[in-house]
Amino acid sequence: MSESYIVSARKYRPDSFGTLIGQDNIARTLKNSILRGQLAHAYLFCGPRGVGKTSTARIFAKMINCSNPGPDMEPCGHCESCESFAEGRSYCIHELDAASNNGVDAIKALLEQVQIPPQVGRYSVYIIDEVHMLSQAAFNAFLKTLEEPPAYAIFILATTEKHKIIPTILSRCQTYDFNRISVPDIVRNLRGIAAKENITIDDESLHIIAAKADGAMRDALTIFDQSVAFCGSDIRAADVMRNLNVLDYEYDFRLVDAFLSGDYASALLVFDEVLSKGFNAQYFVSALSSHLRDLIVSRTAGLESLLDLPESLRRRYGEQAARCPLQFLYEALNLTAQCEAAYRASLNQRLHVEFTLMKLCFIKGVPGAQTASAPAVSSAAPAAAPSAAPASAPNPAPAATPAAAPAPAQTSVAAPASSQAPASDTTAASAPQLSGTPSPRRRPALGGASLSISAILTEEKPAETAPQEPDTARQLPTDEQVRTQWAALAAAYRTSSPRLGSALENAELELSDTDGVKAVCFTVANDAQKGWIEQNKLRDIESRLRKALSCSSVNLTVKSVQYADKKIIYTPEEKIGAMAENNPEVKGLIQDLSLNTK
C-alpha cells in the first residue's frame, strides 16, 4: 500500500478550470480567450507559491489541444491529446524547470525544439517554471523567439518573483497575477477531500490548517496529510495544534480575562506555561495582538467578514468582546504593538514581555473597564451626589453654601458612602449649589454600534481628566525641573534603547526662556548621531519631556559637539601637559622629579 500512496497535493491537483481554487477571474479570462480564438503567443503566470500557477498552465495547454472540448470550455479527457497528457506521453506539451536549466545551452535546446511542429493537436505549449532563475544571457537568447515564435508555439512562463524578470521579457507576455487563496476556500476544499478520504475533522482543525498554510493550497494539503499521519482518521483541534506547534486560543482567552480582573499573577503564570511548551516569546506577543484585534472586530457591528474563524470560536470571541470596553482593547493593542516593536532591542526579553503583561493588567483603571456591574454604579452616582454635599461641608448653614462650590471632587468620591445620611432641609438647600457642576456623563453601550473615533474620544475619556487645564500649566518650568526630568527621561530610555539613553545621560543641556517658550538644546557626540536623533527620535523625546513637565511650551533641539572650538588631545605628551595644567600637584611632581615630558 505504501508504494501506491499518492500525497494529496498530487492526487487532488486541479485538472480542469472548474476545479481551480480561488482563481475564478483568471480561469474566466483564459476560457474566453479560447472561445474567441484570441490566444497570445506568451503568457506570464506570477504569484505566491502553491496557488495553482503551474496547474493552470497545464489545464490551459490541455484545453487548447483538446479535440472535443465541452460547452463550458473544459477539456473532455477522452480524446487522444487529453489521454496522452494524462499518461505523461504528450509530445505537444513540454515543461522546463528553469531552476535547474538556467543556462544559455538549455534555452538553445528549447529553441531548436520549437522548430518542430506538433504531431497531435494544434499547438506546442512550452511551460517554463521558475523562469526568474534564468541567467541574463539565457533571457537575452530567449527574447527573439519569445517575441516572434512559430504560429503553433505558445510559451507559458511561471514565477513566484516577478520583479526579477527583465522588462523586455515582461513586455512580450500577457501577465496574470494569481491571488492567495482565502481561508474559506481552503477550508471548503479540505472538507471535500476529507469526505472523499473518509476522514473525520472538525471545523476548528480546518481553520487552523488553512491559517497555517498562509494562502497556499499545496501547503494546506501537505499539512492535512501530516495531520492525518499524526491523528489518524479522526482529527481534533487539540491534536492539530500540538502537531503543528500552534499556540492554543485558550491562552489568549485566559490572558484577557486576567487583564480585565487585574490578576497579573495569573497572566505571568500563563506566559510561563507558554514558554515551557517551547514557544517563542515574540510569537506569543504577536498571537496576543491578533487576539485583541479579533476582539475589536467582534465587538464592532458590520466587521464580521474580517474574522476567518469557525462559528464556535466566533461566538466565544463575541462573548468575551462584550465584556471588554473599546478603550480597554485599544490601550491593550497599543501596548502589545509597542512590546513587539521593542522586543529585539531589549536585553532582558522575558522581563520586557512580563512588564507589558503587568501593564495590561493595570489598564482596568480605564473608565468603563469594569464588567456588567459598572453601568449600575454610574447610574446611581447622580442620585447620591446631592446628599453627599452636606456631609463634606464643615458648616451646613446656608451662608456656607457659596464657599462649598469648589468641592466637586469630594462630592464624587463620597457619593457611595453618602447613602447613609438622612434626607433633610439642608439637602434641598444645597441643591442649587450643585446645579452648576457637571453631572456624570453616562456612556452608551457600544456592543452593537459601529466603530467611531469620535465615540472613543468622547465616551471613553476619563471624566476626571477632562477639566484639568489649570493656569499653572502655562507657567514655564525652572531649569532645575528640566534637568531633573531630563535625567529621569534618560533613565527610562536606557531600558528600551540603551545607546540613546546613554547619549541623553551624557548630553549637556543649554536652557533659555524666550517669548514664553522654554528652549532646551542638548548636545551629542557627532553629526551622525545628531542626524539620526533628528530624523527618528527628536519628536518622541520632546513629547515625553513636555508630558513630564506638564508644559506644552517646551521646544527641544539637538546639536553636535563642535571640536573646532577646543583642542583635541591625541598624543601622550599632550595628555600629560593637560593633566599638569589642570592639576598643580601633577605639575609640581614633574618639576620635583625633573621629568622630561617632551
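Entry 1: I worked from a predicted model. A disulfide is a covalent bond between the sulfur atoms of two cysteines. Cys231 has a relative accessible area of 18%, so I put Cys231 down as buried, the cut-off being under 20%. Cys551 is at 3% relative accessibility, and therefore counts as buried too.

**Entry 2: helix H25.** I turned to H25, which runs over residues 538-549. H25 has 12 residues. From first C-alpha to last I read 16 Å, close to the 16 Å expected at 1.5 Å a residue. Which residues of H25 are buried? I listed Leu538, Ile541, Glu542, Leu545 and Leu549. They cover an arc of only 100 degrees around the axis, so they sit on the same side of H25.

Next I asked what covers the buried residues of H25. The cover includes three helices, H22 (479-496), H23 (498-505) and H24 (527-536). It also includes strands S9 (517-524) and S10 (554-560). After H25 comes Ser550, and I noted its positive phi, near 55 degrees.

Entry 3: I looked up the second largest pocket and wrote down a volume of about 1100 Å³. The second largest pocket is lined by 27 residues. Closest to its centre are Gln338, Ala342, Lys359, Ser496 and Arg544. Which elements give two or more residues to the lining? My list reads helix H16 (326-341), helix H17 (349-361), H22 and H25. H22 had already come up, in the cover over the buried residues of H25.

Methods
Residues numbered from 1 in each chain as written. Predicted model: local features only at pLDDT ≥ 70, side-chain atom pairs only at ≥ 80, totals over all residues. Heavy atoms only, no water. Buried < 20%, exposed > 50% of the residue type's maximum accessible area, 1.4 Å probe, protein only. Helix = DSSP H or I, 4+ residues; strand = E, 2+ residues; numbered from the N terminus. Expected span 1.5 Å × (residues − 1). Arc of directions from axis to C-beta. Contact = heavy atoms within 4.5 Å. 1 Å grid on protein atoms, 1.4 Å probe; cavity = no way out; pocket = protein on both sides within 12 Å on 5 of 7 lines; lining within 4 Å. Points joined across faces, edges and corners; volume = space filled by probe spheres on them.
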